[in-house]
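The sequence and the model are shown first.

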Amino acid sequence: MIRRILFLTVVLFTVTVNAGLLHCRSGVINAAEISTANLPIANFSGFGFSNLPESRAYAIVSLKLNDMRSISIFDYSLNVSGIDFPCAALWKNNRFEYFTGDIRGSGTQQMLFIIDRKLLLESKRIKLMLKSNLSEAKHVYETEVPFTVINSRMPSAPGRIPAEGLLELDEK
């Protein structure tokens, strides 16, 4: 009986991982999309962002935070072809918004990164490195995330991401 329960637990965990969830330092990533649509960002002036590209794409990381966790725009950067791009906005008040406070919550939270569109390959999927800025041992908390390139479509709203996630993970 114990073996059967253990076997079912392993099978369920495997199905969950392959269904589109990926663990990171703050919680579970359940979607990662890159859009070339012109996404409005409330309260964003670009001041303090030294490497804003002229040709922009927007990388959105959706995650469900672990208990007692919060995120801010300072917590993560996204590495694209060796270049780190800081988080520019978080999903707040049903829109992407630049602000320097923390977000807490049990639902899906979203981080938006403005990246150089020219660095994207002509593919429907690209793996980028999500880097934690919270520790001096940053490389320990790097997570390779498979992004889906959705072209000019709008990214999935947090409430529309299914519990099993939208990530397209490679089977191991």
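## Overall architecture

The protein contains one helix and nine strands, where helices (H or I, at least four residues) and strands (E, at least two) are DSSP runs numbered from the N terminus. Their order from the N terminus on is α-β-β-β-β-β-β-β-β-β. The model is predicted, so that local features need pLDDT of at least 70 and side-chain atom pairs count only at pLDDT 80 or more, while totals for chains, interfaces and linings use all residues. Residues are numbered from 1 along each chain as its sequence is written, and side-chain values use heavy atoms, with hydrogens and water left out.

Of the 172 residues in the protein, 45% are buried. Buried denotes under 20% relative accessible area, exposed over 50%, and partly exposed the range in between (1.4 Å probe, protein chains only).

## Strand β7

Strand β7 spans residues 108-116 and is mostly covered, with nine of its nine residues buried. In a regular strand the side chains alternate between the two faces of the sheet. In β7, Thr108, Gln110, Leu112, Ile114 and Asp116 point one way, whereas Gln109, Met111, Phe113 and Ile115 point the other way, and all are buried.

Strands are taken as paired if DSSP finds at least two bridges between them. One partner of β7 is β3 (residues 56-65), in the antiparallel sense over nine bridges; Leu63 stands opposite Gln109 in β7. Strand β5 (residues 83-92) also pairs with β7 in the antiparallel sense, over three bridges, and here Ala89 stands opposite Leu112.

## Strand β4

Strand β4 is largely enclosed by the rest of the structure, because five of its five residues are buried. Tyr76, Leu78 and Val80 point one way from β4, while Ser77 and Asn79 point the other way, and all are buried.

Strand β4 runs antiparallel to β8, to which four bridges join it; the bridge partner of Asn79 in β8 is Met129. Four bridges also join β4 to β5, again in an antiparallel arrangement, with Val80 opposite Ile83 in β5. The hairpin of β4 and β5 has two residues between the strands, and within this hairpin Ser81 takes a positive phi near 55°.

## Nonpolar core

A nonpolar core is defined here as a set of buried Ala, Val, Leu, Ile, Met, Phe, Trp, Tyr and Cys residues joined through side-chain atoms within 4.5 Å. The largest such core has 32 residues, of which Ile34, Met111, Phe113, Ile115 and Phe147 touch the most other members. Two or more residues of this core are given by each of β2 (27-35), β3, β4 (76-80), β5, β7, β8 (125-132) and β9 (143-149). Strand β3 supplies the largest share of this core, five residues.

## Cysteines and loop residues

The structure holds zero disulfides, a disulfide being a pair of cysteine sulfur atoms within 2.5 Å.

| Residue | Relative accessible area | Class |
|---|---|---|
| Cys24 | 12% | buried |
| Cys87 | 1% | buried |
| Met68 | 86% | exposed |
| Asn94 | 68% | exposed |

Met68 is placed in the loop between β3 and β4. Its phi is near 65°, a positive value in a residue other than glycine. Asn94 lies in the loop between β5 and β6 (95-97), and has a positive phi of about 60° although it is not a glycine. Asn94 and Gly159 are 65 residues apart in sequence, and their C-alpha atoms are 10.0 Å apart in space.

## Second largest pocket

On a 1 Å grid over the protein atoms alone, a pocket is an open set of points where a 1.4 Å probe fits, with protein on both sides within 12 Å along at least five of seven lines, and lining residues have an atom within 4 Å of a point. Grid points are joined across faces, edges and corners, and a volume is the space filled by probe spheres set on the points.

The second largest pocket holds about 200 Å³ of space. Its lining consists of Thr36, Arg117, Leu120, Leu121, Glu122, Ser123, Lys124, Val149 and Asn151. By class, this lining has three nonpolar, three polar and three charged residues; Ala, Val, Leu, Ile, Met, Phe, Trp, Tyr, Cys and Pro count as nonpolar, Asp, Glu, Lys and Arg as charged, and the others, Gly among them, as polar.
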